[in-house]
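Colleague: I am new to this structure. Please take one part and walk me through it closely.

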Amino acid sequence: MRTPLFEEHVAAGGRMVDFAGWEMPVQYAGILAEHQTVRTQVGVFDISHMGEFFVRGPEAAAWLEGLLTNRISKLAVGHAHYSLLLNEAGGVIDDLIVYRLADESFLLIVNAAKIREDAAWMGERVVAGVEFEDRSSDFAALAVQGPEAGRIFEAVTGTAMPAERNRVVELPDGIFVTTGYTGESGFEWIVPATQAVSAWRRVLAAGAVPCGLGARDTLRLEMCYPLNGSDLSPERTPLEAGLGYFVDLEKSFVGRDALVAQKAAGLPARLSALSVIEKSPPIRSHYPVWSNGSLVSETTSGALSPTLGHGIALAYLPVELAKPGQLLEIEVRGRRFAARVEKKPFKK
Amino acid sequence: MNVPDDLRYAESHEWIRVEGDVGTVGITDHAQAELTDIVFAEPPAVGKKITAKDVAAVVESVKAASDIYAPVSGEVVERNDAVEQNPSLLNTDPFGEGWIFKVRLANPAELESLKDAAAYRAQIGA
């Protein structure tokens, strides 16, 4: 599948790779340069492959409350928050952003690889008073990220970018929200697919540099933002993933009882941040993690941090090892390299 | 794409420059461009015996690890510590400061099976 920006990417020198069935740019000039651009200036990512679900109706809020972990009743109109969709066992189906467009109107942005599964799961559970629409193919989206993102926002909208994170602004040109996946200030712009090319060109003309999925991955990993399918899975709960802040156990939702039981029994593992403390090859996913000669886990994500210059990784560790300062080893092609559990995120 | 005329090339995108019985080995401009930002390089140890077409070194880009194959058989007589310290030399100067190791040729006849610049250009469509 291709986003409406496919030709733009190719024209800009994008190196196209498969991502969850989508032909997406992994890089243009280079991952390290793009990473640095987002940390110091401003870059733009095509995130049109992600899904857009609209939920409307008098029962919309109550229905979402029962399906998602974060508290919808605390989400004011014009704001967005991070939330999770769980299975009955408390495992993660998807992580997503919920925008409250009006009292009875919500937009959900979901992971590209999970659009069909999420839509089926939610669609099956629709009740009277709720209108649920998967409009993923009707919308494109751009993520403009970096310390200079405010300048791009002003150039595109003619208004100042809200200083507050997670603010939603609906304008004639689309929906703008101050969210992102990089740890930098910035915004995401949800735009009708037919206007994607014009939006992309306007953002570039204002000075944003095209950035690919490669930099998006190293940027999010430095912030310890989980990637569903790698760091999150139906076999792990958000409590194990360290996302308890986004889970309100005081309300009723699918998967809640399993989480309450897991909390009472004690977590078996916790998604932890690991820094390699000697020179090593880049860490990647599925590398073995050792403690005192025992295989204790494997990495779920890894990289050579462009900002920090050393290997970083995430791994589910048994709780007794999931403590900052704990020394471990990560195996790369048969050799073990010393690593240490860190407080999240890697980039402070 | 730069493909110097005075080198021999392996199909697996290594080059070799032979002076006397010693060959200097690196990866081609095409290879570095395909690999993108190289962030890790591990040249072989001096004294290591290598065999043509076997793995002799490893380089890694941000996204992937890639084996470097020995274009010829022999003994490693020098390794380029500079690329270990600064792997981006493989990107910025693949035929110069980005060389990886030097090998004393065990069987110079192996050079005959490597490509000349014209044949390698044809392989990569340059």
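Modeller: Here is a close look at one strand and its neighbours.

This is a predicted model, in which local features need pLDDT of at least 70, side-chain atom pairs count only at pLDDT 80 or more, and totals for chains, interfaces and linings use all residues. Residues are numbered from 1 along each chain as its sequence is written, while chains are lettered from A and ligands numbered from 1 in the order in which they are written.

Start with strand 7 of chain A, residues 105-110. Strands (E, at least two residues) are DSSP runs, numbered from the N terminus. In strand 7 of chain A, 5 of the 6 residues are buried, so the strand is largely enclosed by the rest of the structure. Buried means that 20 or more other C-beta atoms lie within 10 Å of the residue's own, with C-beta atoms placed from the backbone.

Now the neighbours. Two strands pair if DSSP finds at least two bridges between them. Strand 6 of chain A (residues 92-102) runs antiparallel to strand 7 of chain A, joined by 5 bridges. A hairpin of 2 residues links these two strands. Here Ile97(A) stands opposite Ile109(A).

Strand 4 of chain A (residues 51-56) also pairs with strand 7 of chain A, antiparallel, over 6 bridges. Phe54(A) has Leu107(A) as its bridge partner. Gly51(A) has Val110(A).

Step back to the sheet. It is open, has 5 strands in the order 5-6-7-4-8 (chain A), and pairs antiparallel. Strand 5 (80-86) and strand 8 (131-134) of chain A stand at the edges with a single partner strand each, so one side of each has no neighbour in the sheet.

Terms used. A residue is buried if 20 or more other C-beta atoms lie within 10 Å of its own, exposed if 12 or fewer, and partly exposed in between; C-beta atoms are placed from the backbone. Helices (H or I, at least four residues) and strands (E, at least two) are DSSP runs, numbered from the N terminus.
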